[in-house]
Amino acid sequence: MQTFLFTDIEGSTRLWEQYPEEMAAALSRHDAILTGAIAEARGQVVKTTGDGILARFESPQGTFAAAVQAQRNLRDEAWGVTGPLRVRMGVHTGESQERDGDYFGPTLNRTARIMAAGHGGQVLCSSAAVANVADRLPPGASLRDLGIHRLKDLTLPEHLYQLVHDDLDSEFPPPITLDSRPHNLPLQTTEFFGREAEISTIGAMLSSPTTRLVTITGPGGAGKTRLALQVAAEQFDRFSDGVFFVDLSSERVPNAAYEAIVRALALPTSGGGEPLANLKARLRDKTMLLVLDNFEQVTAAGTGIAELLQHAPKLKVIVTSRETLRVRAEQVFPVPPLSLPHPKRSTAEIATSEAVQLFVERAMAVRPGFAVTDDNASDIAQICLRLDGLPLAIELAAARLKLFSPADLLERLRSRLDVLGAGGRDLPDRQRTLWGAIGWSYELLDPEEREVFELMSVFSPTRLKAIETVAASLGIGSVLDPLGALVDKSLIRSDESGGSQRFSMLLMIKEYAETLLAKNPEREHTVRRAHALHFSTFAQQLKDRLSGAQRDLALAELESEIGNLRAAWRYWVDQNDLEQLFRLIDGLWALHEAKGWYHAAIELASDSLEVLGRAEPSEELAAEEITLRTSLARAVMAVRGYGPEVEEAFRKVLDMTEAKGSAAQRFPVIRALATYYMNLTDFGRAAEMGRRLLEIGEREGDESVLVEGHYVLGTNLAFSGDLDNGLSHLERAIELHDPRVHGSNRFRLGPNTGVVARVASGLLLWQCGEVERGIERVGAALDLALQINHPYSIAYATYHCGFLALGRYRFEEALVKARELASVAEENDYTLWGTLATVLEGVSLTALGQPEKGLALTEAGIDLYRGLSAPPIFWPLVLSLRATVHAFAGRPDRALELIDDAIATEGGNDPTLLMFKGDFLLLVPEPDPTLAETVYLKAMELARAQRVRFTELKILTRLVRLWRVGDRRPDGSEELSALYATFTDGFEEVDLMLAKEVISSVA
């Protein structure tokens, strides 16, 4: 149990408007006074909330002491033109949930409500806070019993006490609670969570003199009623004649609705007169707020409510309804779902979402002590996502925790919704089950609306044109009016996206509509076929725009319909219809490649091959199979790295190409093989693939193939030692590459060629001594990846930017890139890049002085990497990073073992790895300068042969320092000076500065 103190400045909005500059300084003094008093009483400031502070204490005694001291100091402060800042305070004791230093839960909400009931200078306390403190109050303090009051949270009444002190004001008006004005707002048995933005927006609407009627719309279970009640409670003190709630769920005709309002207000009736006329007469001069709930039953009464508002100028009305009233005075507020978490975010982030907070609070009713933990956070997040953030659905799900764990509940929710069961017996029948809530709305539809409602169950979010086209093919007349009515009744959502309206259903409602459609299997088949035909045609029509200047627009159109395209794909797979699949696949593949959705691309290829395998053989289908198998192998390699699965896939496609493939069909196979050989460090065979690509590109006049050929040949020539020719081909690849056109070859996968060419060129230029140009080019690779918004390319470029930052001793920058890479990898399920991100972060943290954490991360990354069967080309690099971590962590012996493994794996031709070995030889407890010198000399020989000038400079700098310690003559200074003089930029780089320092210290 902890005690919390909530504070707030009374009238702060007015003060900020009058004295904006002075209030900034005054608020700073206010904060200092409060935080000082809290610290002196051994409290902890949890957070600031606008003009207030939330603090926690282990005991109520400290809270009362802090409140008294703060109020005394606030009173004594010289405030100047703003006048005294009058602060109201609330104190409450209870259980809370804590995550990363922040606190939340019903206790915090209750504390805020107690504070809101007070006046400036007043300290209000709950009965829980004063229960054990009456004889241990601060000197001169006492408690005044203010009686029982209903707070604006609408839950159980609270027994309030005022903290009185000899030095402070003690006389205040009655607390600002629901007891101060007439009302009939029903008692709520549960806490209200979230919706701060919605409450603020609706409150601002009601505050406007021109707004008289606000209709809160939404589907069954969206929380319209509870939101309306909370808004009414928050607006309570603005309506001197009270706030009244009217339940219209059992009414069906306008007069009955007006009579229900008369009854709720307890107005006298006279001689059987019309109830609307009675309301007009009785409410003419009343400053009152009405909350009319479930108005969808009596929408015809909307005109009468509009008339009433004309006759009663001080009256305002909130309506909750599944459809709008369609009267002129109406302002509509569609209630959104609760804010939802991302299941892959941290436990702390998941715990703060509105949907999860509601789930946890309701779960505690059946499992006391239930909380979000690292073990269940992802499951809870996915449950809330599965339920669309609908409050009713979440409450029903939480109640099922008396039978299921979160993981079990999630598994059941994936297949059926009846697992939710029924809600509390005190709920109306229509709200006790989610199906009942939706069915209640469905029963109110006319036949045309029901037909369109069932039709919409096969659609993901889409435009009106698609709905109209499919409906027309089914013989359904105009959908405009029925669709508009379904939007008004909150069964269909209409959202603007990309300049047009898109129509969709919440998942809960969609599944209800699917159940209705499935009752007639023949009808369901016809509807789904019409939907699939439309989207096959849609994809086919965009095919020609996927190469050329319109590619981005075509991809954007495809992405906007991805849910419908995937549904069409599944339908045609089930029907074994290759013709329709081939109409879809080009667009879907291009989109999946552009977005880096490689796991889904694997499914596309696998599905196609499965259906193709059941078709009659033909030459045309054999060519498609070659292309699909090549693409499948590349997709698997991109996602899972090098391994037996990839090798087997390439073996099959090689056999097929040799037996059946034409020259034109060989391009994707050759390009894929180039990557495969490169990953095996077989640079000679990879370079040969590059030459073959250039032959095809020149013969066909295809610049896209030429870009690929120049990149493949250039990279592998450089890796083979032919640096000049390698860089020349890479430059040509970069010159030819146009991100708007190239990289759109049919069924391609992997990082964008323009990105990888820039990375390869940049790293080579950096090593060769063109330092700034190399750094700029690697950065340009990431810029390009971000520009084309291609996740796999972003991962590739981000990793290499981080690796280069390590080489430049920019460890903070490397850490940032490691975490950015981890985020991209997690979001897109790129296991290989996630593993490398872990290693990169480990190295960076170790270099920044966190060796234990850095070592643990690095070793974890290495373990993950071993389980990947990743490309051999990466392994020496990973081992060298691992060795560096151990060296940074003061473990040079282990670093030496690891660098020897890296050198052996690589073949002993990398001067940088040898340079690291020389470094580690000098760090061991019994260093061997002679052996280190031998290793450095071998490294320098390789660097010179490979003409990597910057690497040579680093090695020679080390040798000169080593020779000077050994008093060798000559010590290499002149040679180092001559090499340094060949550099024209990059003089702010650490290695160049070290070289200059060594040269300058010759004397």
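**Figure 1. Pairing of strands β1 and β4 in the predicted model.** Strands β1 and β4 run antiparallel and are joined by 8 bridges; two strands count as paired if DSSP finds at least two bridges between them. Strands (E, at least two residues) and helices (H or I, at least four residues) are DSSP runs, numbered from the N terminus. Within this pair, Q2 has G94 of β4 as its bridge partner. Strand β1 also runs antiparallel to β3, to which 4 bridges join it, and F6 stands opposite L54 in β3. The model is predicted, and local features need pLDDT of at least 70, side-chain atom pairs count only at pLDDT 80 or more, and totals for chains, interfaces and linings use all residues. Residues are numbered from 1 along each chain as its sequence is written, and side-chain values use heavy atoms, with hydrogens and water left out.

**Figure 2. Burial of strand β1.** Of the 8 residues of β1, 8 are buried, where buried means under 20% relative accessible area, exposed over 50% and partly exposed in between (1.4 Å probe, protein chains only). The cover extends to both faces of the strand. On one side Q2, F4, F6 and D8 are buried, and on the other T3, L5, T7 and I9.

**Figure 3. The open sheet of 7 strands.** The strands follow the order β2-β3-β1-β4-β7-β9-β8, and their pairing is mixed. Strands β2 (44–49) and β8 (141–149) stand at the edges with a single partner strand each, so one side of each has no neighbour in the sheet. From one strand to the next, the twist averages 20°. Angles run from 0 to 180 degrees between N-to-C directions, and axes are lines fitted to C-alpha atoms, for helices over the stretch in contact. Strand β7 (residues 123–126) pairs with strand β9 (residues 158–165) in the antiparallel sense over 3 bridges. Here C125 has Y161 of β9 as its bridge partner.

Figure 4. Helix α2 (residues 20–40) lies across β1 (2–9), β2, β3 (52–57) and β4 (87–94); contact means heavy atoms within 4.5 Å. The direction of α2 is at about 5° to β3. Helix α3 (residues 60–76) lies across β1, β3, β4, β7 and β9. Relative to β4, helix α3 runs at about 175°.

**Figure 5. The open sheet of 5 strands.** This sheet has the strand order β11-β12-β13-β10-β14, and the pairing is parallel. Its edges are formed by β11 (243–247) and β14 (330–334); each has a single partner strand, so one side of each is left without a neighbour in the sheet. On average, neighbouring strands are turned by 20° against each other, direction ignored. Strand β10 (residues 213–217) pairs with β14 in the parallel sense over 5 bridges, and Q331 in β14 is the bridge partner of V214.

Figure 6. Helix α8 (residues 254–265) lies across β11 and β12 (288–293), at about 135° to β11. R263 is a residue of helix α8, and R263 counts as exposed because its relative accessibility is 54%. From R263 to P275 the C-alpha to C-alpha distance is 10.0 Å, at a separation of 12 residues in sequence. Helix α10 (residues 302–311) lies across β10, β12 and β13 (315–321), running at about 160° to β13. In α10, the residues G302, G304, I305, A306, L308 and L309 are buried. The buried residues of α10 pack against β10, β12 and β13, and also against α8 and α9 (275–282).

Figure 7. A cavity is a set of points, on a 1 Å grid over the protein atoms alone, where a 1.4 Å probe fits but cannot get out. Grid points are joined across faces, edges and corners, and a volume is the space filled by probe spheres set on the points. By this rule there are 3 cavities of 30 Å³ or more, and the second largest cavity holds about 40 Å³ of space. Its lining, formed by residues with an atom within 4 Å of a point, consists of H342, K344, R345, S823, E826 and E827. The lining comprises 4 charged, 2 polar and no nonpolar residues. Asp, Glu, Lys and Arg count as charged, Ala, Val, Leu, Ile, Met, Phe, Trp, Tyr, Cys and Pro as nonpolar, and the others, Gly among them, as polar.

Key:
1 Å grid on protein atoms, 1.4 Å probe; cavity = no way out; pocket = protein on both sides within 12 Å on 5 of 7 lines; lining within 4 Å.
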